[in-house]
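Thanks for making time this morning.

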Amino acid sequence: MKPFTAALALSLAASLPAAALFAGPAAAAGASDTDAERLARWQEIRTSIFGDKTVEPTETLVAVEAPVRALDAALVPITLTMPEKDKVAGVSLIIDDNPSPYAANITFGPAADPGEIKLRVRVNNYTNVHAVVRMKDGRLFETTKFVKASGGCSAPMGMSDEEAMKGMGDMRMKFSGEPAPGKSTEATLMIRHPNFSGMQMNQVTRDYTPARYIQKVVVAQGGRNILTLDGDISIASNPVINFAFLPEGKAPVTVVASDNQDGRWEHSFPVPAPSN
Amino acid sequence: MAAHDGWRFGARGVRSSRREALFGGLCLCCLPTLGRSAEGFGLDEVGPGIFVRRGPDAEATPDNDDAIANIGFIVGERSVLVTESGGSLADGRWLRGQIRARTDKPISHVVLTHVHPDHCFGAEAFEADKPVFIGHHALRAALDARGEYYRTRLVEILGAEKAGRVVYPTLEVADGAEIDLGGRRLTFHAHGAAHTNCDLSMRDSASGLLFPADLLFVTRIPSLDGSLVGWLKEAEVLKAMGAEKAVPGHGPTLVAFAPAMADLTRYLGTLRDETRKALASDMPIETAVATLGRSEADKWALFDLYHGRNVTQAFKELEWE
């Protein structure tokens, strides 16, 4: 797929947000693309993901919230809101100009409250970010937001790969809000994982650190699925996902995460007891 | 006017007679022979035989050769030590020219204070002098991870001829080290993760001056690229050294150490405390970036460019506490 190859080649024209050194007038790749070029790219991506299914624009069924200009291209917070949550089956996040645009696909289970989900992503170029919501009746709706950032996928993330891989697979979960029966609870899942994009160079070997990223995260409570996330290299290192679910009983929330190199980690977290 | 700070040595407690003898009383900043890379900033003699160029509080641009850090040199009885190499080959060459305009003594040592390009990309300019390149024991690995990436960015901004190559340390300081230039000894301390993971500080025995490099930012907003908690810890290590005056990595070429460090730790402490509070109240990271630490906004240059990233860094570090 041509546009993706081009994005890969341009990715070295990038600033390193972590070190915050070259914040100057970034010669950002993709900054000068015309609307027509962006639309053509989106049409190509859309077809590759959704085939010939109709994807209707919406101003109400899904919203994507992101900083207009990312301060740190390797950690861009994204919020997806789906107000008609009872009709929502899943949502996809697509970052058109990233080397691998299909950033995340989330499928909600029966224990989910799919009103809002937050993720942190890498953004490699000035790009449109698309959110496509799948309704339970099978219809697809999309909305878009333009984000200015560069270099998020190729920026070295730390001082060494070893450092970045420390504690890989560790997890934490935080619950917030007063738990009450029949009410949804907000949860933040944190996973230690470098999520190497395959575009970060190791200077010792003069080679790229092979891509190693979280491919699937399954979150459930007592056998009821909350959500399943299919991830890719666009997810920021040490992934953090914020979601809501409808707790039932005292069973812990279980998380199974697996990466593209056969890494598999399973953790469970006790759910705070309802106050009444 | 910052460029004329050199004239105010008296006010800083350093006698000006030596400087006048050296430079014939001319203001260096106004000499036409000064390189462009100095951006109008001359060298201040901040102590006997210690010369420092103030880097402007700016980002790397094609016009400034990335000459944005405080770089300089120390002259001993036998040889010269370069305190910071410069932000590019062009900046390093400018500094070497300044050294050669003042002394013929050999350049025996070049300090690479940490991995950031505005401090170590001038090193190539000194390679022909065959000096000892002094760096933190973790610098090599950090340069391996980031050096080529920095060079690529620098080449984009300055062009291949001016950018400079990655130069590795030949003396890797594990904990401490001492160098004798003749008549003065320089003591090095390799710090734990703070501004970066490879910060090296230096103390001069003759003047008592401390060279904390980027462990001390003055006027320019600190950039966090190592560990927030670690930086506050290393600030205590520096304080315990008991230096009265210091040459910060950015800001004026000479400052009273205690109040300057107090400003820095106030910023870092604010960042730490407000981030911990935000985490305890489940504040989302995007809200944290937009709202934390705003009381520091009018206290630092380039705040809008760096502060949000510092909050992001702090958040990433502290959310795993």
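This is a predicted model: local features need pLDDT of at least 70, side-chain atom pairs count only at pLDDT 80 or more; totals for chains, interfaces and linings use all residues.

Let me begin with chain B, where, among contacts between residues at least 6 apart in sequence, 66% join residues at least 24 apart, a contact being counted if the two C-beta atoms, placed from the backbone, lie within 7 Å. On naming, residues are numbered from 1 along each chain as its sequence is written, while chains are lettered from A and ligands numbered from 1 in the order in which they are written.

Chain B has 10 helices and 13 strands, where helices are DSSP runs of H or I with at least four residues and strands are runs of E with at least two, numbered from the N terminus. Of its 321 residues, 55% count as buried, that is, with 20 or more other C-beta atoms within 10 Å of their own, against 12 or fewer for exposed and anything in between for partly exposed, again with C-beta atoms placed from the backbone. For chain A, the corresponding figures are 49% buried out of 276 residues, with 3 helices and 17 strands, and 71% of the contacts between residues at least 6 apart in sequence join residues at least 24 apart.

Now to the sheets of chain B. Seven of its strands form an open sheet with mixed pairing, in the order β1-β2-β3-β4-β5-β6-β7, and two strands are said to pair if DSSP finds at least two bridges between them. The edge strands are β1 (43-47) and β7 (171-173), each of which pairs on one side only, and neighbouring strands are turned against each other by 20 degrees on average, direction ignored.

Within that sheet, I would draw your attention to strand β3(B), residues 71-75, in which 5 of 5 residues are buried. B:I71, B:F73 and B:V75 point one way from the strand and B:G72 and B:I74 the other way, and all are buried. What does β3(B) pair with in the antiparallel sense over 4 bridges? One partner is strand β2 (residues 50-53) of chain B, where B:F51 has B:F73 as its bridge partner, and another is β4(B), where B:F73 stands opposite B:V82. β3(B) and β4(B) form a hairpin with 4 residues between them. Further along, β4 (residues 80-84) and β5 (residues 107-112) of chain B run parallel and are joined by 3 bridges, with B:I107 as the bridge partner of B:V80.

A further open sheet in chain B, also with mixed pairing, has 6 strands in the order β8-β9-β10-β11-β12-β13, and its edge strands are β8 (176-180) and β13 (255-256). Inside this sheet, β10 (residues 200-204) and β11 (residues 210-217) pair in the antiparallel sense over 2 bridges, and B:M202 stands opposite B:F211.

Turning to helices, the axes of α7 (residues 228-240) and α8 (residues 257-280) of chain B come within 10 Å and cross at roughly 155 degrees, the axes being lines fitted to C-alpha atoms over the stretch in contact, with angles from 0 to 180 degrees between N-to-C directions. That makes α7(B) roughly antiparallel to α8(B), since the convention takes under 35 degrees as roughly parallel, over 145 as roughly antiparallel, 65 to 115 as roughly perpendicular and the rest as oblique. Among the residues making the contact are B:W231 and B:L232 of α7(B) and B:L264 and B:L268 of α8(B).

Finally, two backbone details. Most residues other than glycine have a negative phi, but B:K130 has a positive phi of about 50 degrees. B:K130 lies in the loop between α4 (117-120) and β6 (132-136) of chain B, and counts as exposed with 11 C-beta neighbours inside 10 Å. B:D282 likewise has a positive phi, of about 60 degrees, in the loop between α8 and α9 (285-291) of chain B, and is partly exposed, with 13 other C-beta atoms within 10 Å.
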